[in-house]
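Have the sequence and the 3D view open while you read.

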Number of protein chains: 2
Amino acid sequence: MGGDGGVDVVVAAVLAALERHPGLSVTLTGDADTVRATLGDHADHPRVAVMHTTQTVSMDEAPALALRGKKDSSMRVALNLVKDGSADACVSAGNTGALMATARFVLKMLPGIDRPALCSTLPAANGHTHMLDLGANLGFEADNLFQLAVMGAELVAAVDGIEAPKVGLLNVGAEEVKGLEAVREAGRMLAASDLNYIGFVEGNEIFSARVDVVVCDGFTGNVALKTAEGAARFVVSNLKDTFKGSLYGRLAGLVALPVLRAVARRIDPDRHNGASLLGINGIVIKSHGGANAKAFGRAIDIAVLEVAQNVPEKIHQHLVVRQQARTGTA
Amino acid sequence: MGGDGGVDVVVAAVLAALERHPGLSVTLTGDADTVRATLGDHADHPRVAVMHTTQTVSMDEAPALALRGKKDSSMRVALNLVKDGSADACVSAGNTGALMATARFVLKMLPGIDRPALCSTLPAANGHTHMLDLGANLGFEADNLFQLAVMGAELVAAVDGIEAPKVGLLNVGAEEVKGLEAVREAGRMLAASDLNYIGFVEGNEIFSARVDVVVCDGFTGNVALKTAEGAARFVVSNLKDTFKGSLYGRLAGLVALPVLRAVARRIDPDRHNGASLLGINGIVIKSHGGANAKAFGRAIDIAVLEVAQNVPEKIHQHLVVRQQARTGTA
């Protein structure tokens with residue numbers, strides 16, 4: 001079991017999730033002695049199983065090496081459970097690259113999707129915006145951006161219950177040279193599709209209610225996500241410093257504290273933990289390596305929701321079945 | 001004279017700048033009647049000249065069309081003044097793409113630089129971070145990223161007086177597949193250079209004191225800049241809403257107001273207005289189209305500073321003269 005918080009965080013999150021979801025059963029893969037010791041009195045929980053594994057994938061291990069050399073890692077064994085139908089989803093806080101490479105190898109891609117993608121949420125005026133891809137794949141072409149749009153729209157329709165999610169393509173400003181050719185071409189494909197495509201969006205619009213799904217290549221998405229986190233943290237840390245900087249500020253800070261806490265909760269990255277690995281023939285959720293139990297719990301909740309909604313099947317339907325119906329090749 | 005605020009904003013900014021800089025003289029290019037009317041009593045200011053032009057470049061005009069068809073635009077005439085030595089710098093709030101294309105055509109590139117770039121500042125723990133490229137050019141190669149690093153470092157050394165500015169390459173997280181090949185190759189070139197290269201930085205580190213110059217391609221830079229503005233604005237707007245949302249919040253807001261204003265001033269995008277167009281054989285500063293007089297004034301201040309420091313010559317020295325000395329081809 002991976003992640004910076006290790007087994008403690010995962011076990012605490014799982015026990016809380018079992019309370020929230022009466023239909024949920026969990027198999028914990030990892031060093032069985034450690035997992036059982038951490039479970040303590042809950043080691044006999046009727047909806048918890050422990051499966052012993054002997055290897056771990058470190059956070060900086062090359063994905064290809066993990067894939068070839070770590071056939072008994074907790075990650076690999078958990079993905080095997082999804083493959084053989086013993087589990088409906090895999091949640092991991094481990095090495096992102098290794099998780100993606102192993103998931104792709106074990107579970108295979110959905111037909112019609114070239115590469116897996118990571119999709120997560122950022123806070124926005126309307127609650128949140130889903131954004132993909134977030135760092136998994138670099139240098140996307142127009143076809144890949146189109147596939148991302150379909151996957152993101154199906155995910156949001158399923159988990160947020162929005163019938164026709166508003167899909168935007170991340171691009172540079174109206175005044176500038178208008179983006180890369182791949183983005184322009186993807187825009188033309190989306191405009192001709194059955195998606196609710198709203199056109200190009202700029203970085204600042206991620207946080208607006210104008211768009212539900214923001215599509216971009218993984219390099220840009222990862223940079224945008226980290227930049228957003230950094231900017232929000234910078235504003236909050238400036239606020240704290242300024243409140244501390246004078247006697248008046250300290251007094252004002254005492255009065256404003258409950259309000260500031262409410263805002264901090266709303267933009268808390270923990271509330272947006274849990275990235276969906278899309279395009280794979282199975283449900284895989286990546287939790288942030290540094291997630292606490294509450295944040296890891298959110299990743300479990302997303303897995304439960306995607307299982308209930310059968311997200312991979314919906315993506316498959318959209319890309320393959322609808323496509324065949326349209327072209328008469330069914 | 002361009003920009004959303006038009007002649008009013010520019011004239012107000014210029015009059016204030018003339019007060020701040022006793023050695024400054026300004027030529028205003030545009031419709032002479034309008035400019036003189038806006039100058040009012042200041043039309044005879046000994047350090048203000050007005051040059052009549054008959055054409056305007058609209059904000060959404062294609063750069064190539066503006067370049068071919070608008071030979072008497074205020075932008076083109078201002079750049080001609082720099083070319084013939086009548087002016088030391090051009091400041092414009094007009095169409096970014098047209099300004100870049102026209103500046104490149106009129107003033108030419110510095111030897112050793114392939115493409116112009118836009119560089120601006122974002123607020124950071126140590127005051128600000130310079131970032132380039134910000135939307136001017138798309139799809140940079142390793143050589144271009146290296147040139148951006150040299151230009152950014154020379155700019156920061158000159159205008160911030162930092163002897164060896166810390167240069168970082170924007171890349172995706174340590175856990176992920178490590179970026180595009182061009183970024184990796186640029187990293188190797190920078191590690192072997194005489195710049196103070198600190199390695200890859202992630203989006204959140206833009207706001208830290210770890211780095212003075214963040215280098216990336218123009219697509220990523222533009223997205224990161226807009227995302228940072230959006231995230232900061234989102235936090236501030238959440239604060240406002242939460243302070244307004246209850247009686248307690250309203251009272252707390254009254255007490256906290258001076259503190260919030262101090263923070264708002266610190267992260268105010270107006271304080272970071274004025275992007276340097278680098279790589280051109282001349283000094284050109286792009287003001288945001290929506291800039292107010294204070295923000296436009298900052299763009300003028302940057303121009304004054306770059307003239308005093310002769311930034312294009314320093315970039316030229318670094319890329320060509322030092323290079324020749326090293327390879328013995330001088």
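## Charges, rings and the interface

A:E181 and A:R184 pair up in a salt bridge, with their closest N and O atoms 2.9 Å apart; the term takes a side-chain nitrogen of Lys or Arg within 4 Å of a carboxyl oxygen of Asp or Glu. Why do A:E181 and A:R184 sit about one helical turn apart? Because they are three residues apart in helix α7 (residues 181-191) of chain A. Helices here are DSSP runs (H or I, at least four residues), strands are runs of E (at least two), and both are numbered from the N terminus. Over all chains, the search of the whole structure turns up 14 salt bridges.

A word on ground rules: this is a predicted model, so local features need pLDDT of at least 70 and side-chain atom pairs count only at pLDDT 80 or more, while totals for chains, interfaces and linings use all residues. Residues are numbered from 1 along each chain as its sequence is written, chains are lettered from A and ligands numbered from 1 in the order in which they are written, and side-chain values use heavy atoms, with hydrogens and water left out.

Now for where the chains meet. On chain B, 62 residues are in contact (heavy atoms within 4.5 Å) with 62 residues of chain A. Together the two chains bury about 5000 Å², 72% of it on carbon and sulfur atoms; that is the accessible area (1.4 Å probe) lost on putting the two parts together, summed over both. Two salt bridges are counted between chain B and chain A. B:K226 and A:E202 make a salt bridge through their side chains, at 2.5 Å from N to O.

Which elements give two or more residues to the side of chain B that touches chain A? They are α5 (96-107), β4 (117-124), α8 (218-244) and α9 (247-267) of chain B. The most comes from α8(B), with 20 residues.

Next, some lysines over rings. A charge counts as over a ring if NZ of Lys or CZ of Arg is within 6 Å of the ring centre and within 35 degrees of the ring normal.

| Lysine | Ring | Distance to ring centre |
|---|---|---|
| A:K108 | A:F105 | 4.7 Å |
| B:K108 | B:F105 | 4.7 Å |

Finally, the backbone. Most residues other than glycine have a negative phi, and most peptide bonds are trans. The bond from A:L132 to A:D133 is cis, with omega near 0 degrees, and A:D133 is in the loop between β5 (127-132) and α6 (142-160) of chain A. In chain B, a cis peptide bond joins B:L132 and B:D133, with omega about 0 degrees. A:N310 is not a glycine, yet it has a positive phi of about 50 degrees; A:N310 lies in the loop between α10 (293-309) and α11 (311-327) of chain A.
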